[in-house]
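Take a look at the chain below. This report starts with its rings and then moves to the whole fold.

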Amino acid sequence: VGCGMLSVTQSFFSLGVGFGALTTYASYNKFHHNSYKDALIISFADTFTSVLAGTVIFAILGHLSYELGLPVKDVVKSGAGLAFVSYPEVISKFDIAPQIFSVLFFLMLITLGFGSATGLISNVITVICDAFPNFRRSYVTAMISIAGLLVGLVYVTPGGQPLLELVDYYGGSLLVLTLALIEIIAIAWVYGASNVIQDLNMM
């Protein structure tokens with residue numbers, strides 16, 4: 001059950017299901033845009049990326065396990081230690097240009113972080129700008145970004161790492177699935193599944 005829930009949670013995170021980012025971005029499309037094609041492209045691209053990332057992760061952990069002579073489960077714990085301790089350690093042992101691969105690896109992490117943050121912040125910005133059309137979008141973006149920065153400063157304090165793991169575990173697993181279930185119930189029963197199908201067919 002634990003592995004299954006973690007797999008579903010990872011799929012929810014990587015696809016952005018239940019967070020509203022896809023809906024927010026889709027709202028900028030033309031009215032008769034082919035959303036089915038977008039859904040297929042996003043799903044296949046996400047699946048391919050997840051399989052590729054999983055292959056790389058287990059290859060690195062397997063190599064590290066072989067080098068240290070320990071079982072894979074004892075090599076490293078999940079979380080920040082995997083990205084900031086285990087990966088750099090393995091990359092530093094590359095025979096060819098380890099510095100270049102290190103730069104590329106952390107550049108990839110920064111890019112993924114910016115992409116995720118942009119998608120989540122866009123939800124809040126769009127909601128506020130739609131609710132208050134008189135507010136300038138640039139000011140709203142600046143205020144939301146500053147607020148996010150101030151909240152994020154908590155995680156760089158001495159107690160930030162345990163707090164990050166606490167928020168990641170309790171705020172990013174069962175909570176995500178529960179919120180997505182509530183959204184499905186609201187759309188299917190409150191708004192009506194037949195109305196959703198009619199809307200999609202009309203577009």
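## Aromatic pairs

This model is predicted. Two aromatic pairs turn up in a search of the whole structure.

Phe 105 and Phe 106 make an edge-to-face pair. Phe 105 counts as buried because its relative accessibility is 10%, and buried means under 20%. Phe 106 has 30% relative accessibility, so this residue counts as partly exposed.

Phe 132 and Phe 135 form a stacked pair. Here the centres are 5.1 Å apart, with 15° between the planes. Why stacked? Planes under 30 degrees apart count as stacked. Phe 132 is partly exposed at 45% relative accessibility. Phe 135 is partly exposed too, with a relative accessible area of 45%.

## A charge over a ring

Which ring lies under the charged end of Arg 136? It is the ring of Tyr 139. The charged end is 4.9 Å from the ring centre.

## The fold

The protein chain has nine helices and zero strands. Its pattern along the sequence reads α-α-α-α-α-α-α-α-α. The C-alpha atoms fill a box of roughly 60 × 35 × 35 Å along the principal axes.

Take contacts between residues at least 6 apart in sequence: 51% of them join residues at least 24 apart.

## Surface and charge

The protein chain has 203 residues, and 16% of them count as buried.

How values were computed: Residues numbered from 1 in each chain as written. Predicted model: local features only at pLDDT ≥ 70, side-chain atom pairs only at ≥ 80, totals over all residues. Heavy atoms only, no water. Helix = DSSP H or I, 4+ residues; strand = E, 2+ residues; numbered from the N terminus. Buried < 20%, exposed > 50% of the residue type's maximum accessible area, 1.4 Å probe, protein only. Contact = heavy atoms within 4.5 Å. Phe/Tyr/Trp six-rings, centres within 6.5 Å; stacked < 30°, edge-to-face > 60°. Lys NZ or Arg CZ within 6 Å of the ring centre and 35° of its normal.
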